[in-house]
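Welcome! Please take a moment with the sequence and the 3D view, and then let us walk through them together.

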Amino acid sequence: MDIDGRKLKILEAIIRDYIETGDPVGSRTISKKYDLGVSSATIRNEMADLEELGLIVQPHTSAGRIPSDKGYRLYVDGMMQRTHIEPEIEEIILKMIKERVNRIDTLVEETAKLIAMLTNCATIASTPSITQVRIKHLQLVPIDEHSVACVIVTDTNSVKNHIIPTPKAIDFNMCNALTHILNESIKGSTLSQISLDKIRVSIEEKMKEYGTIAGSVLEAIDKTLHQEDMPDIYIRGANNILDFEEFNNKEKARELFKVLEEKPYLLQVLDHTPPNTITIRIGEENILTPMKDCSVVTTSYSIGEHTIGNIGIIGPTRMDYGQVVSVLEYVSHHITNMLREMNDS
């Protein structure tokens, strides 16, 4: 879109003022608050052009204008400036990550809580699913004559426990032998990389007398791992949304909160985030109808090249994009670095 510099400055002033106050912005306000070097009449004419271009709209009969989704998009793609994070806030974020990096579930939950507090928006965050992380170690432990416990430790230091029924008793020696063979085959692999058939062949060759039992255990492990495929979702600060005038409409707020209460919807919001990027979806760009009045900013955190979880911020379209993006970038960057350091150690 070819827009001259003066129109862009006026659009930026309208967006900045509306983000700050929530009130429609008129030419007199811009003329008084922003040193643009032009008269109020000139600003009025430029605003009329911006309205024709679909970048601002008149919400009612007042003289003020507010940004459209199209206007916000132009702003975030070319005019938005990141907000500087204060040193004391950086220290709080880093301290929280360092103290909780060994417990990924707790880290994700506390991260969502902290971001919601810093941005005054709702925050959603997903823990890694078992298919996204790599298996660090597996241990089989007999419980009784008809079951064993399977303990799986991942590269995020999360621990998964499963009780597996067995057709006959398995003693400690057999559990240890099976554990050794399984770890040789699956250590460092993601679930999608594990070949059940290859592992079964290896077990049958090395433990012929226990081949049938080992096969049953292997199938049970595969089944229980796939049952753990859906990650946990944490949402914090949902009530922050009610502080914004845009959600004073009870029906609109009720529909949005229905979405926020449904895990599949939240996963849908997060799953469209490309690795190592910040994604901003504004108003009508959101797929879910109750979120058409919202902006959603998402990013991911990784181990190496592998994305293992996502973090998103939900707020009104007039959210402070510069602040939200700065906080998300800072948090995801340091979570990724801490997880990599932990995994390399």
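First, a word on the ground rules. This is a predicted model, in which local features need pLDDT of at least 70, side-chain atom pairs count only at pLDDT 80 or more, and totals for chains, interfaces and linings use all residues. Residues are numbered from 1 along each chain as its sequence is written, and side-chain values use heavy atoms, with hydrogens and water left out.

The protein chain holds twelve helices and ten strands; these are DSSP runs numbered from the N terminus, with helices being H or I of at least four residues and strands E of at least two. Of its 345 residues, 50% count as buried, where buried means under 20% relative accessible area, with a 1.4 Å probe and protein chains only.

Now look inside. A nonpolar core is a set of buried Ala, Val, Leu, Ile, Met, Phe, Trp, Tyr and Cys residues joined through side-chain atoms within 4.5 Å. The largest one has 58 residues, and those with the most contacts inside it include Ile 14, Ile 30, Tyr 301 and Leu 339. Helix H12 (residues 321-344) gives the most to this core, namely eleven residues. Another core, of 20 residues, lies apart from it, with Val 259 and Cys 294 among its members.

Next, find helix H5 (residues 87-100) and H6, whose axes come within 9 Å and cross at roughly 165°. Axes are lines fitted to C-alpha atoms, for helices over the stretch in contact, and angles run from 0 to 180 degrees between N-to-C directions. That angle makes H5 roughly antiparallel to H6, a label for angles over 145 degrees. The residues that meet include Ile 93 and Met 96 in H5, and Leu 107 and Glu 110 in H6.

Leaving aside neighbours within four places in sequence, Glu 110 is in contact (heavy atoms within 4.5 Å) with Met 96 and Arg 100.

Finally, compare helix H1 (residues 5-21) and helix H4 (residues 69-78), which pack at an angle of about 105° with their axes 10 Å apart. H1 and H4 are therefore roughly perpendicular to each other, the label for 65 to 115 degrees. Among the residues that meet there are Leu 11 and Ile 15 in H1, and Tyr 72 and Leu 74 in H4.

Definitions and conventions
Parallel < 35°, antiparallel > 145°, perpendicular 65-115°, else oblique.
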